[in-house]
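Open your viewer and get ready to click along. We will go from stop to stop, with something to select at each one.

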Amino acid sequence: MSTLLLTGGAGFIGSNLIRFLLRTTDVRIVNLDALTYAGNLENLSDVEHDPRLTFVKGSITDADLVDRIITTYSVDGIINCAAESHVDRSIASAAPFVDTNVTGTLVLLEAAKKHGLQRFLQMSTDEVYGSLGPVGAFSEDTPIAPNSPYSASKASADLLVRAFVHTHNVPAVITRCSNNYGPYQFPEKFLPVMILNAMEERPLPIYGNGLQVRDWIHVDDHCAAVWLVYTKGRVGEVYNIGAENERPNLHVAREILRELGKTEALLTYVTDRPGHDVRYAINASKIRTELGWRPTRSFDEGLRATVAWYRAHQAWCENIRTGAYQDYYERNYTSGT
Ligand code: NAD
Ligand code: TYD
């Protein structure tokens, strides 16, 4: 049985990936997460007692801690999901993005090199490619051209991964996925903001004209793809992940209002994001043909299920609204000591 160091596992994608791995594989997982504002251990409450899962609170920038974890738990591979992930926050303040996304990735790469780990997966993003015109899609050969401090920090990390493969033979792979949606997404990102505001009949903030296009994928399909790349991807390769669900933001907001039976009068146009990328679209033919991956969730079904999930998890939403989620670690992991 192998042991994986999975970083950022208290976040949206990381927590879904942990649940997916516990369900479908026999790996042991050490979840290293700093519990920033985006980290919520309540996302893992249903699996927190699983003997194959260990939680360590700490930062991927802490080289000594990473070193100790790898030795103590005999870690043989890393999946790096930890990141500062919200574009708007990177516009307000870029330094934490460089710290975690660039320096943190470097710390993990150095550790992978030092300990001779068998595998390293960097969870990157399609945003490193920049913005598309009205036609075409990002392939793995599209030049990197990041436009936001967030995507610039992720692109920098990708280049470090490439260099550690080339120079130090670290057996790393990179995934670049499009916009994820699904359960446990922190309500600062588009979909949960729209769903929660619609549920409470508050205005839905649409940036600019709302005609920006994102290519949506259900987080479960992303998780399956990541594991496939981790286990079967070729060292040094980049794999795009996407499910061919391009939608203008306004269209998605309208779908949510319809699903919840709310009026379109809630749509509220607000000042556009500076440097807003107009369109993302993913060509995922490489992972499809080379590794046989296929998405399983249609956008219409997945969106309905996601709206239903937020409706059914009002306590989870309320704990984020009040900030109570940030005490979950002290209440449930430290037994008061
Ligand atoms: P998220 O913001 O929900 O979660 C990030 C997690 O990382 C949080 O639990 C946070 O506490 C943790 N973290 C932050 N800084 C840390 C540090 N220094 N050390 C340890 N942990 C730290 O993000 P997400 O949406 O789950 O994204 C996960 C990864 O996937 C990121 O690398 C992101 O760039 C990438 N990605 C996200 C999307 C998307 O649509 N959400 C799409 C493609 C790629
Ligand atoms: P977001 O979820 O921040 O992801 P991305 O990393 O792709 O920017 O935003 C998705 C899209 O939705 C993006 O075009 C910006 C837009 N948006 C809004 O119109 N209103 C909002 O409140 C948010 C958070 C995003």
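Predicted model: local features only at pLDDT ≥ 70, side-chain atom pairs only at ≥ 80, totals over all residues.

**Stop 1: around ligand 2**

Residues are numbered from 1 along each chain as its sequence is written, chains are lettered from A and ligands numbered from 1 in the order in which they are written, and side-chain values use heavy atoms, leaving out hydrogens and water.

Next, look at some N and O atoms beside the ligand. The side chain of glutamate 127 has an N or O atom 2.5 Å from an oxygen atom of ligand 2. For asparagine 249, a side-chain N or O atom is 2.9 Å from a ligand 2 oxygen. At phenylalanine 190, look at the backbone: one of its N or O atoms lies 2.9 Å from an oxygen atom of ligand 2.

How much of ligand 2 does the protein bury? Taken alone, the ligand exposes 510 Å², and the protein buries 96% of that (areas by the Shrake-Rupley method with a 1.4 Å probe). Helices (H or I, at least four residues) and strands (E, at least two) are DSSP runs, numbered from the N terminus.

**Stop 2: the cysteines**

How many disulfides does a search of the whole structure find? The count is zero, with a disulfide taken as a pair of cysteine sulfur atoms within 2.5 Å. Select cysteine 223: its nearest cysteine sulfur, in cysteine 81, is 7.9 Å away. Cysteine 223 is buried, at 1% relative accessibility (buried is under 20% relative accessible area, exposed over 50%, partly exposed in between, with a 1.4 Å probe and protein chains only). Then move to cysteine 317, which is also buried, at 10%. The closest cysteine sulfur to that of cysteine 317 is in cysteine 223, 20 Å away and too far for a bond.

**Stop 3: salt bridges**

Side chains of opposite charge can pair when their charged atoms come close. Counting a side-chain nitrogen of Lys or Arg within 4 Å of a carboxyl oxygen of Asp or Glu as a salt bridge, there are 18.

- Select aspartate 67 and lysine 114, whose closest N and O atoms are 3.0 Å apart. This pair links helix H2 (residues 63–72) to helix H4 (residues 95–115), across 47 residues. Aspartate 67 is partly exposed at 22%, and lysine 114 is exposed at 58%.
- Select aspartate 300 and arginine 247, with closest N and O atoms 3.9 Å apart. Aspartate 300 is in helix H10 (residues 299–312) and arginine 247 in strand E11 (residues 246–248), so the pair ties together parts 53 residues apart in sequence.
- Select glutamate 255 and arginine 258, at 2.7 Å. Both lie in helix H8 (residues 249–260), three residues apart, about one turn of the helix.

Finish with Arg234, Glu237, Lys286 and Glu290, which are joined into one network by salt bridges that share partners.

Key. Polar contact = N/O pair within 3.5 Å; in protein donor to acceptor, adjacent residues only side chain to side chain.
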